[in-house]
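Please prepare a short briefing on the structure shown below.

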Amino acid sequence: SSSVLLQAEDAVLAGGVVEANHAGYTGSGFVNFDNVAGSAVQFTVTAPSGPTNLLFRYANGTAVDRPCALTVNGAPVTTLSFPGTGNWDTWTTRAATVTLAAGSNTVRLAATTANGGPNLDSLAVGTGGGLAVVLD
Ligand code: GCU
């Protein structure tokens, strides 16, 4: 198995800004989704075909969930919950398992409420069973 870490600040943003004003992020910052429905972060993931584990690292300093629609290559997969983490400096992960095609794939999170998404730090991608141990 193998895993790679993709930084949200390197992804394609459709309504969001890169910031670094809350501690604990990895890389050079995180994405602050615009506080509107539809604001989105899109990663390009190169992988072999098959089941792939995704771990989104995020913070949500509010008490209100910031759900996001997860799509892979434009196809809806599910809506992921991003509940509050206590404050904007406390980061945790939200997991999903998706099926990718061989080669280049898009993995997109789009906010479904007017609050927008959480602050998003990174996406860890595990193929061939990678990252499975942290999914439960
Ligand atoms: C605060 C916080 C931001 C966060 C925003 C939000 O402004 O500092 O990092 O993105 O709230 O509610 O989305």
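Helices (H or I, at least four residues) and strands (E, at least two) are taken here as DSSP runs, numbered from the N terminus. On that basis the protein has zero helices and eleven strands, and along the sequence it reads β-β-β-β-β-β-β-β-β-β-β. This is a predicted model, in which local features need pLDDT of at least 70 and side-chain atom pairs count only at pLDDT 80 or more, while totals for chains, interfaces and linings use all residues. Residues are numbered from 1 along each chain as its sequence is written.

**Overall build**
- The radius of gyration (taken over C-alpha atoms) is 14 Å, close to the 14 Å that the globule rule (2.2 Å times the number of residues to the power 0.38) gives for 136 residues, so the protein is as compact as a globular protein of that length.
- The C-alpha trace spans about 35 × 25 × 25 Å along its principal axes.
- Of the contacts (C-beta atoms, placed from the backbone, within 7 Å) between residues at least 6 apart in sequence, 74% join residues at least 24 apart.

**Strand pairing**
- Two strands pair if DSSP finds at least two bridges between them; β2 (residues 12–14) and β5 (residues 40–47) run antiparallel and are joined by three bridges, with Val41 in β5 as the bridge partner of Leu13.
- β5 also pairs with β10 (residues 103–111) in the antiparallel sense, over eight bridges, and Ala40 stands opposite Ala110 in β10.

- Buried residues (20 or more other C-beta atoms within 10 Å of their own, with C-beta atoms placed from the backbone) make up 37% of the 136 residues.
- A nonpolar core is a set of buried Ala, Val, Leu, Ile, Met, Phe, Trp, Tyr and Cys residues joined through C-beta atoms within 7 Å; the largest has 30 residues, and those with the most contacts inside it are Ala8, Val41, Cys68, Leu109, Leu120 and Leu123.
- β5 gives the largest share of this core, five residues.
- Leaving aside neighbours within four places in sequence, Leu123 is in contact with Leu6, Ala8, Phe43, Leu54, Phe56 and Val107.

**Around the ligand**
- His22, Asn32, Asn35, Trp88, Gly116 and Asn119 are the residues around the ligand, a residue being near if its C-beta atom, placed from the backbone, lies within 6 Å.
- By class, this shell has one nonpolar, five polar and no charged residues, where Ala, Val, Leu, Ile, Met, Phe, Trp, Tyr, Cys and Pro count as nonpolar, Asp, Glu, Lys and Arg as charged, and the others, Gly among them, as polar.

Conventions:
A residue is buried if 20 or more other C-beta atoms lie within 10 Å of its own, exposed if 12 or fewer, and partly exposed in between; C-beta atoms are placed from the backbone. Two residues are in contact if their C-beta atoms, placed from the backbone, lie within 7 Å.
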